[in-house]
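Q: Can we go through the strands and helices of this one? Please start with the strand pairing.

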Amino acid sequence: MDTLVSYTGPEDTGDGSARLTLDSPHNRNALSSRLVAQLHAGLRDAAADPNVRVVVLGHTGKTFCAGADLSEATEGEPGELAADRAREMAALLRAIVESPRPVIAAVNGHVRAGGMGLVGACDLAVAGPASTFALTEARIGVAPSIISLTLLPKLSPRAAARYYLTGEKFGAAEAAAIGLVTLAAEQEAEVETIVAGLVSHLRLGSPQGLAASKALTTAAVLAGFDRDAERLSVASARMFVSDEAREGMMAFLQKRRPSWAG
């Protein structure tokens with residue numbers, strides 16, 4: 001099986017961090033079933049290693065994550081399989097939020113749709129000047145359902161309404177201003193420098209203290225998962241297998257306008 005998410009442990013990083021790197025450039029690190037499973041496994045490995053103090057989630061290539069793998073989504077899967085895929089995504093996001101280790105997103109590339117949910121799930125996020133962000137779901141006939149569980153607690157209400165509905169692109173500075181990322185770097189090289197600084201600060205905290213402190217910041221988010229994850233998974237599946245969404249996804253893959261866009 002190809003490795004779509006590489007894992008580097010603290011014995012190699014030398015700073016107490018585990019590095020999880022999205023490494024599927026052929027499809028812009030899209031959230032295929034295999035990538036989701038490998039990322040979930042990497043998070044479990046990091047949580048089980050007592051030498052890991054912090055997890056850094058990064059990427060290869062010019063795209064951090066392009067969102068759902070639409071080539072999988074257009075394979076005619078029935079509604080229940082689509083719902084299972086939505087549940088897998090919800091479980092992955094929850095694993096990031098529930099991880100006893102702080103998780104930092106290191107982004108210097110494009111982030112779309114489901115990739116935004118990954119960033120929202122992380123405790124801290126650093127974005128470089130090559131970063132662009134967009135919630136493009138409405139343009140293909142679906143909605144940012146599952147990822148709302150991690151995005152809505154972070155974004156300002158006005159920003160959420162704007163970017164959920166318009167699908168506009170925005171950069172790192174705007175992402176910081178609306179609460180999606182923690183810090184925006186002005187130079188590409190600064191991303192790693194800022195991440196290294198955050199890791200050094202986090203290493204000053206005790207494992208117990210960090211886990212308990214993180215739990216205070218994520219309690220309301222996890223309550224949202226308990227309350228809404230199953231409902232949103234079913235709703236997401238219904239949209240993904242609808243005729244309108246199928247037209248939107250095929251139009252995207254074929255690089256044409258969908259029927260409703262004239």
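A: This is a predicted model. Alanine 105 has alanine 125, in β7, as its bridge partner.

Q: In which sense do β5 and β7 pair, and over how many bridges?
A: Strand β5 (residues 103-107) and strand β7 (residues 124-127) are paired in the parallel sense, over four bridges.

Q: What is the strand order in the sheet of six?
A: The order is β1-β2-β3-β5-β7-β10, in an open sheet with mixed pairing. At the edges stand β1 (5-8) and β10 (183-184); each has a single partner strand, so one side of each has no neighbour in the sheet.

Q: And the sheet of four strands, which order there?
A: That open sheet runs β4-β6-β8-β9, and its pairing is mixed. Its edge strands are β4 (63-65) and β9 (170-171), each pairing on one side only.

Q: Which helix packs on that sheet?
A: Helix α5 (residues 114-121), which touches β4, β6, β8 (132-134) and β9. The direction of α5 makes about 100° with that of β6.

Q: How many bridges join β4 to β6?
A: Two, and the strands run parallel. In β6, histidine 110 is the bridge partner of threonine 63.

Q: Switching to helices. What does α10 span between its end C-alpha atoms?
A: Helix α10 (residues 207-240) spans only 41 Å, whereas a straight helix of 34 residues would span 50 Å at 1.5 Å a residue. There is also a kink of about 55° in α10, centred on aspartate 228.

Q: What about the span of α2?
A: The 16 residues of α2 (residues 33-48) should span 22 Å at 1.5 Å a residue, and the end C-alpha atoms are 23 Å apart, which agrees.

Q: Which residues in α2 are buried?
A: Among them are Leu35, Val36, Leu39, Leu43 and Ala46. Gln38, His40 and Gly42 are buried too.

Notes: Residues numbered from 1 in each chain as written. Predicted model: local features only at pLDDT ≥ 70, side-chain atom pairs only at ≥ 80, totals over all residues. Heavy atoms only, no water. Pairing = 2+ DSSP bridges. Contact = heavy atoms within 4.5 Å. Axes fitted to C-alpha atoms, helices over the stretch in contact; angles between N-to-C directions. Expected span 1.5 Å × (residues − 1). Buried < 20%, exposed > 50% of the residue type's maximum accessible area, 1.4 Å probe, protein only. Bend = angle between axes of the 7 residues up to and from the residue.
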